[in-house]
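Me: I would like to go through a structure and ask what stands behind each term. Please set each value against its definition.

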Amino acid sequence: MPIDRTSFRDWAAEATDNPREVAEAALTHKVGSRIDAAYRRSDL
């Protein structure tokens with residue numbers, strides 16, 4: 001059964017200690033600008 005975005009974000013915030021950016025990356029949302037992305041080179 002697919003999970004919707006809202007349910008996933010609620011779960012990620014309540015059940016994990018991961019930063020917001022990790023949840024957004026898991027949802028394949030773009031985080032920040034091109035300049036911000038240039039400094040985010042880890043494999044979050």
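Me: What share of the residues of the protein count as buried, and what makes a residue buried?
Reply: Of the 44 residues, 11% count as buried. Buried means under 20% relative accessible area, exposed over 50%, and partly exposed in between, with a 1.4 Å probe and protein chains only. This is a predicted model, where local features need pLDDT of at least 70 and side-chain atom pairs pLDDT 80 or more, while totals for chains, interfaces and linings use all residues. Residues are numbered from 1 along each chain as its sequence is written, and side-chain values use heavy atoms, leaving out hydrogens and water.

Me: Why is Glu24 called buried?
Reply: Glu24 has a relative accessible area of 7%. The limit is under 20%, so Glu24 is buried.

Me: Why does Arg5 count as partly exposed?
Reply: Its relative accessibility is 38%. That value falls between 20% and 50%, so Arg5 is partly exposed.

Me: How do you know that Glu24 forms a salt bridge with Arg5?
Reply: A salt bridge needs a side-chain nitrogen of Lys or Arg within 4 Å of a carboxyl oxygen of Asp or Glu. The closest N and O atoms of Glu24 and Arg5 are 3.0 Å apart, so the pair meets the rule. Glu24 lies in helix 2 (residues 20–26) and Arg5 in helix 1 (residues 5–15), so the bridge ties together parts 19 residues apart in sequence. Helices are DSSP runs (H or I) of at least four residues, numbered from the N terminus.

Me: What makes Arg9 and Glu24 a salt bridge?
Reply: Their closest N and O atoms are 2.9 Å apart, which is within 4 Å, so this pair qualifies. Arg9 lies in helix 1 and Glu24 in helix 2, so parts 15 residues apart in sequence are tied together. Arg5, Arg9 and Glu24 are linked in a network of salt bridges.

Conventions: Helix = DSSP H or I, 4+ residues; strand = E, 2+ residues; numbered from the N terminus.
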